[in-house]
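Here's a quick tour of a predicted model. Have a look at the structure first, then read on.

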Amino acid sequence: MITNKLALIIEDDFDASMIFATALSKAGFETEVVGDGAAAVTRLETITPALILLDLHLPRVVGTEILAGIRANERFNNTRVIVTTADSRMGESVRAQADLVLLKPTTFSQVRDLSARLVQGVRKTPTAKLENPS
Amino acid sequence: MLSSIARPFQPLLTVRATDPEDARRRKLLNILLVGVMIITLIALAVISVSALIGVAGEPWEVMLLFGMAVGALVGVAVIFAINRYRAGWIASALFLILLTAVITFGDDAREVVAGRSLFMFAIPITMASVLIRPYASFIMAGVTAVLISAIAISINIIPNTPAILSFVILALVAWLSARSLEHALNDLRVINHELDQRVAQRTQDLSEALSREQAESGKNQAILESIADGVIVFDNRGKAIVANASAALLMGHSLDEILHNDIQTLMAKDVDEADRDITIKLLRDESQRTPSFKFRWREKTLSVSFATVRGATGIIGNVMVCRDFTREAELDRMKSAFLSMTSHELRTPLNAILGYTDMLQEEVYGSLTSEQSGTLRRITANTSRMLGMVNNLLDQAQIEAGKLSIHVEPFAIENLIDDLRSVTTVLAENKGLELTSTIEPDVPTMLASDSQRLHQILLNLVGNAVKFTQKGAVGVRVFLPDANHWALAVSDTGAGIPSEAQSYIFEPFRQVDDPITRNNIGSGLGLSIVKQLTHLLGGDIHLESQVGQGSTFTVILPLVPIQEAETA
């Protein structure tokens, strides 16, 4: 387990962010939660997390914009991005930009196991289809 | 000129009679009487003037002439009265007698029977045929012959036989002429009468047709006005020729504003350009028509449909029927809003429950007893089932609302099966069932379809198979039934579906009514959604089942070339 690596959770639903935060801290991350898109953009100006868990449906600034902003910034070259969404079509549209797309409902163990594997150096594989069925 | 002077005297001259011939003769006599009266008055004036200037001869002669003139006037008046109030023929006879008397005694006897006055008798003979009866000319000729013979004998002269004979010939000619005239007049009268009758009949027919027409058009108009939908008929040049009150009300124009205007003008201010273009296209082009087109017209939502009006001579124009769709559009919008709200609001808490339960199961907050762990498994299983039901209900609602879209994309069949196995293996193992999957070697690695919907279909079918099978195996097989199709078959070794149930299990909210399956609670929507999704993907679903032997659901889908799917 790698310790002291920062994971930023961008998620507006309190319960989901609680579960993700617990899962990521179990995976060895230091976690931080922001509840809306604008706050996430502000926070990302000062921090460079190892992992970002991004919900696509956010108030104020939509998830896809944040994702595009992260990918356009060289500072985040080593940052892994996990996208969570309930919309499979939207998930499909950002698959190329994200390291991993998780379709909701996303379970605790899924996030815990996959995030650890991702940051440990498991290369991003385009064929990885890890979305959970509804 | 003359006729205009005579017109005020017409009523005086005309005599009412049932026989038109009689009336004609009596009017003619009146005209002659007027003529005689005028001549007599002139004579009286001449006599009076002559007497006054002393050129009139002896006083007794003057007195005689005066008396004769006055007598003539009185005679004329009497005859006029008889003609008017008694019989026309008596008046005519009296007139002729008077005339004959004037001729007979108006000259010297010798001149009367053999001289200048003899041929004056031709006048009463001719008149008799016209005034009394055609044959009366013969009577008059006879009377004249007797009269001049008698006078001739009385003054010892041989009666003038050629003159008498010529009177008879004249009578014959007068008789023939008068008769022809009467016949001609009669024929004319008959023709006139027929014509009058025909005109009367035609007028009657026309007025009946007109009132019928009015009644008919009034009825049509009443029907048109009673329709709650707006109806406007446009002619071939695109001008509105018929419109009802509802149309005026819906469009917010007066009827006068609608009539004689084209659709473009009518929509100009009230409808946005894109909708206007579509409406005009629908009106003009029959082949473009869809059952109904909805758009905003001012603050209303209208649903319009078009039809071509064909008459006996070809296309007359087009009819536009518009319905107020405002309320329905609002309900539709509310339904959509409700669906998207529930799909988010119902799923989110269920997802949270699943997440927290998973956390506890993963012993984040300490180790669990087997009872605690078992309870958490039950919570997970029930929440998953509820989530599945919520998803099915929302899918069904989306399908019904026509909001479920299909995205055909290339996908790897192996991934689809792997995804399915990763979710369903646990379910099968929990029930002690074996889950097998086979992809036949001739199936292409990449297929084109909506993999998300296929996943949903397979999940439902395999979920059902596991649910209704107590012992044995559930198998998934991918194969090519023919050159143009590929198929997914899900088989189980469950209880099987009775043939009578096979017809209805694809209907929404229907399940096999069986004591065993009563325990397997569900929404009864799974197979209905599977069938509808299959149809949306352009495929079909078949069921083979025998009670006690198990069931096989086969989804057959079209083989779409990959390039085509990518460019689509």
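Let's start in chain B, where helix α17 (residues 451–468) packs on helix α19 (residues 526–536) at an angle of about 150°, the axes being 9 Å apart. Axes here are lines fitted to C-alpha atoms over the stretch in contact, with angles from 0 to 180 degrees between N-to-C directions. α17(B) and α19(B) are therefore roughly antiparallel (over 145 degrees). Who makes the contact (C-beta atoms, placed from the backbone, within 7 Å)? The table lists the residues on each helix.

| Helix | Contact residues |
|---|---|
| α17(B) | Arg453(B), Gln456(B), Ile457(B), Asn460(B), Leu461(B), Asn464(B) |
| α19(B) | Gly526(B), Ile529(B), Val530(B), Leu533(B), Thr534(B) |

Helices are DSSP runs (H or I, at least four residues), numbered from the N terminus.

After α8(B) comes Asn156(B), with a positive phi near 60°.

As for the two chains, 18 residues of chain A touch 20 of chain B. On the chain A side, α1(A) gives the largest share, 5 residues.

A word on bookkeeping: residues are numbered from 1 along each chain as written, and chains are lettered from A and ligands numbered from 1 in the order written. Local features need pLDDT of at least 70 and side-chain atom pairs 80 or more, while totals for chains, interfaces and linings use all residues.

Methods:
Helix = DSSP H or I, 4+ residues; strand = E, 2+ residues; numbered from the N terminus. Parallel < 35°, antiparallel > 145°, perpendicular 65-115°, else oblique.
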